[in-house]
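Subject: Handover of a structure, with notes

Dear colleague,

Please find below the structure that I am handing over to you. My notes on it follow, and I would be grateful if you read them with the structure open.

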Amino acid sequence: MNKEDSAKVLNVWSKENTIYQPKKKELLLEIIDQAASLFAVGSFYYFILNFENITMDFVHGGIRDVLGIEPDEFTMEKAFQIIHPEDLACMNEKEALVLNFFLNKIAREDLFNYKCVYALRKKHIDGTYKTILHQASVFSVSDDGKVQQTLCVHTDVTYLNIPIDHNVSFISTKKPSFHYAKNSGIYTIIAKDSHGLKNMSFKDMFSVTNQFSN
């Protein structure tokens, strides 16, 4: 793991999303489990990331099947350690885009209507890399309007041969969806779907973004 790359991600989160007025919220794990299963087709796990202290509030047991890791071993440091070095090197840019979208591009009442989606590679305990579809949605917002917790669902989509192009999508079934690609070092919108992506498969979604970015 390149500690400088992981530090860049932490710096983005700290700079753009420092929480001064945290909100108390009880985790209703049965409801969360049902919601997470709607995100995933195939082997998956999910976790709740708390931005107040950059810790995992909960890690789902499915991580054993996907990555061979015990839930209590999956800390933020561990998460950075097993990301493919190429993906970690540009993760700070993707996360800066994500926070800018949620905090500056949409109305506060729409925070819970979107999920961000991108692909990355994570190393299994056996040394092989799995292609992971990362889907993150806002789970709670602090009293000062920052993203306090996110529900992150990681689905093993290695079998789909999804390209790792570092594109980022913001998907909603109620609002317009947006797809971003990096051009000349800057993320720009490459596609907009005014009808949402409710019926589009993961593989079709990535085919759309590749069509616009090539």
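Two strands are said to pair if DSSP finds at least two bridges between them. Helices (H or I, at least four residues) and strands (E, at least two) are DSSP runs, numbered from the N terminus. The structure is a predicted model, in which local features need pLDDT of at least 70 and side-chain atom pairs count only at pLDDT 80 or more, while totals for chains, interfaces and linings use all residues. Residues are numbered from 1 along each chain as its sequence is written, and side-chain values use heavy atoms, with hydrogens and water left out.

**Confidence**

pLDDT is the predictor's confidence in each residue, from 0 to 100. The protein chain has an average pLDDT of 82, and 79% of the residues score at least 70. Confidence in the chain is highest in helix H3, at 97, and lowest in helix H7 (residues 202-213), at a mean of 47. Over residues 196-203 the pLDDT stays under 50, and the model has 18 contacts for this stretch beyond four places in sequence; a contact means heavy atoms within 4.5 Å. Residues 207-214 also have a pLDDT below 50, with 14 contacts in the model beyond near neighbours in sequence. Where pLDDT is low, the predicted coordinates should not be read in detail.

S6 runs antiparallel to S3, and 3 bridges join the two. In this pairing, Lys 115 stands opposite Ile 171 in S6. S6 also pairs in the antiparallel sense with strand S7 (residues 177-183), over 3 bridges. Phe 170 stands opposite Phe 178 in S7. S6 and S7 form a hairpin with 5 residues between them.

His 179 lies in strand S7 and is buried, with a relative accessible area of 2%. Its side chain is joined to that of Ser 169 by a polar contact of 2.7 Å. A polar contact is a pair of N or O atoms within 3.5 Å; within protein, one must be able to donate a hydrogen and the other to accept it, and residues adjacent in sequence count only if both atoms are side-chain atoms.

**Aromatic pairs**

Rings of Phe, Tyr and Trp (its six-membered ring) pair if their centres lie within 6.5 Å; planes under 30 degrees apart count as stacked, over 60 as edge-to-face and the rest as tilted. The structure holds 10 aromatic pairs. One of them is the edge-to-face pair of Tyr 45 and Phe 74, at 5.8 Å centre to centre and 80 degrees between the planes. This pair links distant parts of the chain, 29 residues apart: Tyr 45 is in strand S1 (residues 44-50), and Phe 74 is in the loop between helix H3 (63-67) and helix H4 (76-81). Tyr 45 counts as buried at 0% relative accessibility, and Phe 74 does so at 2%.

Phe 101 and Tyr 114 have ring centres 5.2 Å apart and planes at 80 degrees, so this pair is edge-to-face. Phe 101 lies in helix H6 (residues 91-105) and Tyr 114 in the loop between H6 and strand S3 (115-123), so the pair ties together parts 13 residues apart in sequence. Ring pairs link Phe 101, Phe 102, Tyr 114, Phe 170, Phe 178 and Tyr 180 into a cluster.

**The loop between S5 and S6**

Most residues other than glycine have a negative phi, and most peptide bonds are trans. Asn 161, in the loop between strand S5 (147-156) and S6, has a positive phi near 55 degrees. His 166 is found in the loop between S5 and S6, and its phi is positive at about 65 degrees. At 65% relative accessibility Asn 161 counts as exposed, whereas His 166, at 18%, counts as buried.

**Cysteines**

How many disulfides are there? With a disulfide taken as a pair of cysteine sulfur atoms within 2.5 Å, the count comes to 0. The sulfur of Cys 116 is too far for a bond, because the closest cysteine sulfur, in Cys 152, is 7.3 Å away. Cys 116 is buried, with a relative accessible area of 2%.

With kind regards

How values were computed: Buried < 20%, exposed > 50% of the residue type's maximum accessible area, 1.4 Å probe, protein only.
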